[in-house]
Amino acid sequence: MATCTSCGRSDEATTPVHRVYLVLPDGAPTDPSSIEHLARTEVLDDDEDWCSTCCEQYPHVTRAAT
């Protein structure tokens with residue numbers, strides 16, 4: 001088992017991922033109903049390993065295991 005890069009948890013298996021940020025344009029409304037519609041995604045190149053809880057809660061793309 002690896003340590004989760006996101007939360008530090010080390011008691012379960014991890015999944016290899018790339019973190020995704022949702023970036024709003026300047027001046028965009030920030031009410032929850034509009035965020036996903038207005039945001040653009042930014043996928044980071046850094047390799048991370050996340051536990052199942054972080055994978056359920058945060059945007060990411062799964063990367064191929066090496």
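User: In this predicted model, which side chain makes a polar contact with the side chain of Trp 50?

Analyst: To read a polar contact, look for a pair of N or O atoms within 3.5 Å. Here the partner of the Trp 50 side chain is the side chain of Glu 48, at 2.8 Å. As for its place in the fold, Trp 50 belongs to strand E3, which covers residues 48–50.

User: Is Trp 50 buried or exposed?

Analyst: Check the relative accessible area: buried means under 20%. Trp 50 counts as buried because its value is 0%.

User: Which residues make up the largest nonpolar core?

Analyst: A core of this kind joins buried residues through side-chain atoms within 4.5 Å. The largest one here has six members: Trp 50 together with Cys 4, Val 17, Cys 51, Cys 54 and Cys 55. Take Val 17 as an example: 33 residues separate it from Trp 50 in sequence, yet the two C-alpha atoms are 6.8 Å apart in space.

User: How many aromatic pairs does a search of the whole structure find?

Analyst: It finds one. The pair is Trp 50 with Tyr 58, arranged edge-to-face, with 6.3 Å centre to centre and 75° between the planes. When reading the angle, remember that planes over 60 degrees apart count as edge-to-face.

User: And how exposed is Tyr 58?

Analyst: Tyr 58 is partly exposed, because its relative accessible area is 42%, whereas Trp 50 is buried.

Notes. Residues are numbered from 1 along each chain as its sequence is written. This is a predicted model: local features need pLDDT of at least 70, side-chain atom pairs count only at pLDDT 80 or more; totals for chains, interfaces and linings use all residues. Side-chain values use heavy atoms; hydrogens and water are left out. Helices (H or I, at least four residues) and strands (E, at least two) are DSSP runs, numbered from the N terminus. Buried means under 20% relative accessible area, exposed over 50%, partly exposed in between (1.4 Å probe, protein chains only). A polar contact is a pair of N or O atoms within 3.5 Å; within protein, one must be able to donate a hydrogen and the other to accept it, and residues adjacent in sequence count only if both atoms are side-chain atoms. Rings of Phe, Tyr and Trp (its six-membered ring) pair if their centres lie within 6.5 Å; planes under 30 degrees apart count as stacked, over 60 as edge-to-face and the rest as tilted.
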